[in-house]
Amino acid sequence: MIINADLHIHSLYSMATSKNMTISTIASESKLKGLDLVGTGDGFHPEWLQIIEQNTKPSKTGIYSVKECDNDSQTRLIKSVEHPETSTAKCKFILTAEVEDRNRVHQLIILPSIESAYQIREELPSKNIDKEGRPRVNMNGAELMDLIKDHKGLIGPAHAFTPWTSIYKEFDSIYDCYNDTPDFLELGLSADTDMADRIEELQNIPFLSNSDAHSPWPHRLGREFNEIEIKKMTFDAFKDAIKAKKVVGNYGFDPRLGKYHETGCVRCYDTIMIEKARELKMRCPCGGLIKKGVKDRISDIAKWDEPHHPEFRPKYTHILPLAEIISLVHGKGITTVYVQKIWKELVQTFGSEIEVLIYASLDEIARTESKLAGVIKSFRENTLKIQPGSGGHYGQIILG
């Protein structure tokens, strides 16, 4: 079977996250989005682990289902989208965590069970592991990889190209970090497969596209996700699928919409050509720091000018959260009653947000919301005009 999976999110115990990042809310919103499997995030935080245990059914498979969900989010689910396939009983969780290693590289970890999370956290040298959902650990990438593999987990670099806390910010090669091949590489919002497959050392590594969501609403949760072919819904089957490179679809931002696609100033957000940035010694005339964009960083380490996709590599499909598209078309805020009303109507009609964005007939979308179909068509055909993001400022879609 093929599942939709978002494997990198955070709980309410991570810095700058919504208080609504709870198991029950994530569960119900993930079904509205169209996700089948969601990472718990923050899998080494003691209070979050207790909440996971209290709110999910015990499992010997490493995949966890929600016990009950009768909070406000469940009420929203039932009242706003009465669709037979959107039951939180079908929402599944897999234990995940993000940690920052000694070199400030962020690592995404996927764990076999709650029990393994408790065991690993006791072996992690960290001063803030009880306080922060994304802890800093006094280990390098190779040491961390050895520990995770000892406990049968999976590990790979998170948002691998971002200019702050990523593997290619710190190293020119993944092997300088791990001394071995990671289980996967997470692309991040400012890169896609065409960009990453210019790098020769990544030819044998599966790519993941995850949201890194800090709030549970569908314009954040699942804004990037993966289609993965697995034999059954267990951790072992999931691990086998990753090892066998059975990621059959990556979905996410057009990288030009990411905050760090182009080189730019983190203060004024001006985009600056890399040659000029170097002349300026990475300091903008406004006084702000210039951050090298993902596009330029990949050019530094790429072997090829054009992507060389290995045979197993799936298509990367550009999407944008449905509420953001509605907001763009109508010029109204994402959380306004107007935008949310249209969003609910579409999800109710087609069953999930992913169904609307990727599979629904454009003619059928047009019958429900005529102005929207053209923009979704442009996404599907990669014909959008975009002002690229830089310096921490998201890119902008240009209509008309």
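The model is predicted, so local features need pLDDT of at least 70 and side-chain atom pairs count only at pLDDT 80 or more, while totals for chains, interfaces and linings use all residues. Residues are numbered from 1 along each chain as its sequence is written, and side-chain values use heavy atoms, with hydrogens and water left out.

**Exercise 1.** Find the order of the strands in the open sheet, and name its edge strands.

*Solution.* Begin with the terms: strands (E, at least two residues) and helices (H or I, at least four) are DSSP runs, numbered from the N terminus, and two strands pair if DSSP finds at least two bridges between them. The seven strands then follow the order β3-β4-β2-β1-β10-β11-β14, with mixed pairing. At the edges lie β3 (63-65) and β14 (316-318), each of which pairs on one side only. As one example of a pair, β1 (residues 2-6) runs parallel to β2 (residues 37-39) and is joined to β2 by two bridges, with Asp6 standing opposite Val38 in β2.

**Exercise 2.** Describe how helix α12 and helix α13 cross, and which classes of residue form their contact.

*Solution.* First take the axes, which are lines fitted to C-alpha atoms over the stretch in contact, with angles from 0 to 180 degrees between N-to-C directions. The axes of α12 (residues 322-330) and α13 (residues 337-350) come within 9 Å and cross at roughly 130°. Therefore α12 is oblique to α13, since angles under 35 degrees count as roughly parallel, over 145 as roughly antiparallel, 65 to 115 as roughly perpendicular and the rest as oblique. Next, look at the contact (heavy atoms within 4.5 Å), where residues of α12 including Leu322 and Ile326 meet residues of α13, among them Trp343 and Leu346. By class, this contact has eight nonpolar, three polar and no charged residues, where Ala, Val, Leu, Ile, Met, Phe, Trp, Tyr, Cys and Pro count as nonpolar, Asp, Glu, Lys and Arg as charged, and the others, Gly among them, as polar.
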